[in-house]
Amino acid sequence: MRPVYVSGTGSTPFGRHHDTSIESLALHASVQAIEESGLARDQLGVLYLGNFVSGPLNGQEVLAGIVADRLGLPGNIACTKVEGACASGGIAFRHAWLAVAHGICDAALVIGAEKMTHASTAEMTSALNCAMDNELDGISGLTFPGLYGLAWRAYEQAYGLTRDEVSAIVMKNKCYGLLNPLAQMGADLSLEEIAASPLIADPLQLFDCCPATDGAAALVLCAEHLCGRSAKTPIRVLASVQTSGAPQIAKHPDLCTFEATVKAAQQAYKLADIRPSEVDVVELHDCFSMAEIIDSEDLGLVPRGQGGKWAAAGKTSVDGDVAINASGGLLAKGHPVGATGVAQIDEVVRQLRGEHANPVAGARIGLTHNLGGTGVVCTVNILRVDP
Amino acid sequence: MTAGTLDLVLRRCQECGALHEHRPAFCSVCFAQTFEDHVVSGQGTLVSWTTIRKPPLRLREQGAYHVAVIDLYAGLRVTARLQLQEAHVTTALVGASVQLTHQMDGVGQPIHVFQITAQQRDH
């Protein structure tokens, strides 16, 4: 495999975009990324687009071909929409990376897009529940907040966990959201405000949950010989790994861990030839506050059972041992489901270029983690700014 | 809906003996397609539970309900409903003993409903 670089990035602000179609969101992000890469459109050899619920919520599928047409990309290139629930964007990135790394093309466009805020909470819950094995799990009435409510109680029993420890993650990420101009829902919250918010899936409360979001992000990946076309620092992709895990909650032997994350992280560290302690900045899949605790431990960044305690001690802040979700994460930046995996990489690229609004000083190596369904699919990417 | 204390009917692969909660098209262990009913105790242990206060559209009329993960004494983990007495809503403990009491109509297959029988595992 040959080296692959991120040479162009683009993103819409995350939030409510009621007057903008999902195609237009994807176009806005894509034009930014292509222009930043300095490449001509006819140099793009493939397009991968991550999306989850544009069918049920927007009545529009075949988004990859539609967006390629509106971007005026060269005719007949392979344009593929991929779906893996909340990990759709991460999967799109990995497939584009594979195409460039294996020489199928010299440059690729990756897009993640979702539009969901126009739907009612019940409609959205139903659409998102398509990511569950509805024959075996969904029949019980389990929802995704419910999945993390179950995980919280199991973790509390196994390791001990307080409301304030979990709230430390909410406070950190919401506070970082205030610093990120792309974020939907930054806030300066107190422990009391978080503890007083309504219950959603006990013990999970409102501020433990990411918001519904509209938004899109895009990246241009290229081989080394095309990096010079961009005025920006190219960021090398050291590893891009995708794994699968149990599609039903009842098939997880331990509710405090996702095997797909553990395996993806192990493979990614090996491929990148680094240790977890070398990672400076992390964007991980905090769809719920409890998820950040589990993910940070599954990724080997925090010792098992210490996720909440590390957050409460400030060890996962931008000036801590490892900076987690300096963007505000899904909790504050928002979670346009199919866009998230691509947007996480956009955030890490800006950190490694030294351009981020909430900078992690001296960051050289970044990691992104995108998890879908009940842990049925996971992607982990490791990126580095070359000296 | 049947009130009372129930055993659970699982499906056992006639080729390899693997247990399945519902009848699969193929056994995920050996690809066999023949299964037989296998009755096991409806008793188990509460692994975890939550209260769903924002149900999906199709369940909205039910209001809030409890979902649990249960380890059956027969050796299979299942996702099910949990019926809690008011006194247990804030005190139910992970590790409590539970018993299948009835089944609700699901979409094509029954939803198991368990109740807590003891706050500690009783076997």
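## Strands and pairing

Two strands are said to pair if DSSP finds at least two bridges between them. Strands (E, at least two residues) and helices (H or I, at least four) are DSSP runs, numbered from the N terminus. By this criterion, strand β7 (residues 97-105) of chain B and β8(B) pair in the antiparallel sense over eight bridges. Within that pairing, B:S97 has B:A118 of β8(B) as its bridge partner.

The structure is a predicted model, in which local features need pLDDT of at least 70 and side-chain atom pairs count only at pLDDT 80 or more, whereas totals for chains, interfaces and linings use all residues. Residues are numbered from 1 along each chain as its sequence is written, chains are lettered from A and ligands numbered from 1 in the order in which they are written, and side-chain values use heavy atoms, with hydrogens and water left out.

## Sheets of chain B

β8(B) also pairs with β6(B), here in the parallel sense and over three bridges. The residue B:L82 finds its bridge partner in B:F114 of β8(B). In general, strands of a sheet pair through backbone hydrogen bonds, either parallel or antiparallel.

Chain B also holds an open sheet of three strands, in the order β2-β1-β3, with antiparallel pairing. Its edges are β2 (19-20) and β3 (35-40) of chain B; each has a single partner strand, so one side of each is left without a neighbour in the sheet. Strand β1 (residues 8-13) of chain B and β2(B) are joined over two bridges in the antiparallel sense, and B:R12 has B:L19 of β2(B) as its bridge partner.

The loop between β1 and β2 of chain B contains B:G17. This residue counts as partly exposed because its relative accessibility is 34%, the class between buried (under 20% relative accessible area) and exposed (over 50%), with a 1.4 Å probe and protein chains only. The C-alpha atoms of B:G17 and B:F35 are separated by 8.8 Å, and the two residues are 18 residues apart along the chain.

## The sheet of chain A

In chain A, ten strands form an open sheet with mixed pairing, in the order β3-β2-β4-β7-β1-β8-β12-β11-β9-β10. The edge strands, β3 (78-82) and β10 (323-324) of chain A, each pair on one side only.

Strand β11 (residues 365-372) and strand β12 (residues 377-384) of chain A pair in the antiparallel sense over eight bridges. The bridge partner of A:T368 in β12(A) is A:N381.

## Contact between the chains

Chain B and chain A each bring 30 residues to their contact, where contact means heavy atoms within 4.5 Å. The area buried between them is about 2,400 Å², with 58% given by carbon and sulfur atoms; buried area is the accessible area (1.4 Å probe) that two parts lose on being put together, summed over both. On the side of chain B, the residues that lose the most area to chain A are B:K54, B:R77 and B:T79, together 22% of what that side buries.

One salt bridge is counted between the two chains, a salt bridge being a side-chain nitrogen of Lys or Arg within 4 Å of a carboxyl oxygen of Asp or Glu. It is formed by the side chains of A:D202 and B:R53 (2.6 Å, N to O). On the side of chain B that touches chain A, β4 (43-52), β5 (65-72), β6 (77-83) and β8 (110-118) of chain B are the elements that give two or more residues. The largest share of that side, six residues, comes from β4(B).
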